[in-house]
Amino acid sequence: MFRSMMIGKLHCLRVTGADLHYEGSIAPDPDPTEAAAILPHEFVEIWNKTTGARISTYVIPGPRGSRCCVLNGAAARTCQVGDELIIAARAVVAETELCEFVSRTVVFCAENRIVRQMEHRLTNNHEGRWGLSVSSDRESD
């Protein structure tokens, strides 16, 4: 059996731009996407905390170190500059590999600086009960 698992999440990243006439995608700063193990051209789900809009698109790298988050093409119609987003990537994982699977979450402040990074690992007591182990590293402001 296979499970669809969250592999990486950017939490509370704020929109810095939108370009309706670009071919499509979301372009965040590559530093946080790398921290969340989200790859260029990987499909992601985007949930706009400000409006409730939900879309699916793929990631292209924005300028490194810019703290940008630009929605392009049709995705640009779903947001305004300043909207807070949750961006999540998923992976299909064999159930036999779930205990080796690591999910990463990167949390941002209002200026799109990383304020916390977390790793989530599943645990199993081998009696069918799953748990979650979370480790967190706080960044300096």
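Modeller: Start at Leu 10. Leu 10 touches Pro 32, Thr 33, Ala 36, Ile 38, Leu 85, Ile 86, Ile 87, Val 106 and Phe 108, leaving out residues up to four places away in sequence. Contact here means heavy atoms within 4.5 Å.

Colleague: What am I looking at, and how are residues numbered?

Modeller: Residues count from 1 along each chain as its sequence is written, and side-chain values use heavy atoms, with hydrogens and water left out. This is a predicted model: local features need pLDDT of at least 70, side-chain atom pairs count only at pLDDT 80 or more, and totals for chains, interfaces and linings use all residues.

Colleague: Back to Leu 10. Which residues have the most contacts inside the largest nonpolar core?

Modeller: Leu 10, Ile 26, Val 44, Ile 46, Leu 71, Leu 85 and Ile 87, in a core of 19 residues. A nonpolar core is a set of buried Ala, Val, Leu, Ile, Met, Phe, Trp, Tyr and Cys residues joined through side-chain atoms within 4.5 Å. Buried is under 20% relative accessible area, exposed over 50%, partly exposed in between, with a 1.4 Å probe and protein chains only.

Colleague: Which strands supply at least two residues of this core each?

Modeller: Strand S1 (2-14), S4, S6, strand S7 (84-94) and S8. S7 gives the largest share, 3 residues. Another core, of 6 residues, lies apart from it; Met 5, Ala 91, Val 93 and Leu 122 are among them.

Colleague: And the overall fold, in what order do the elements run?

Modeller: From the N terminus, β-β-β-α-β-β-β-β-β-β-β. That comes to 1 helix and 10 strands. Both are DSSP runs numbered from the N terminus: helices are H or I with at least four residues, strands E with at least two.

Colleague: Switching to charges. How many salt bridges does the structure hold?

Modeller: It holds 8. The rule is a side-chain nitrogen of Lys or Arg within 4 Å of a carboxyl oxygen of Asp or Glu. One of them joins Glu 34 and Arg 64 at 2.8 Å, N to O. Glu 34 lies in helix H1 (residues 30-35) and Arg 64 in the loop between S5 and strand S6 (69-72), so the pair ties together parts 30 residues apart in sequence.

Colleague: Is Arg 64 buried or exposed?

Modeller: Arg 64 is exposed, with a relative accessible area of 51%.

Colleague: What about Glu 119, which side chains does it meet?

Modeller: Glu 119 meets Arg 104 at 3.5 Å, N to O. Glu 119 is in strand S9 (residues 114-124) and Arg 104 in strand S8 (residues 102-108), so parts 15 residues apart in sequence are tied together. Glu 119 also meets Arg 121, at 3.2 Å. Glu 119 is partly exposed at 25%, Arg 104 at 26% and Arg 121 at 37%. Elsewhere, bridges that share partners join Arg 14, Lys 49 and Glu 84 into one network.

Colleague: Last topic, aromatics. How many pairs?

Modeller: The count is 1 aromatic pair. Phe 43 and Tyr 58 sit edge-to-face, 6.2 Å centre to centre with 65 degrees between the planes. Rings of Phe, Tyr and Trp (its six-membered ring) pair if their centres lie within 6.5 Å; planes under 30 degrees apart are stacked, over 60 edge-to-face, the rest tilted. Phe 43 is in strand S4 (residues 43-48) and Tyr 58 in strand S5 (residues 54-58).
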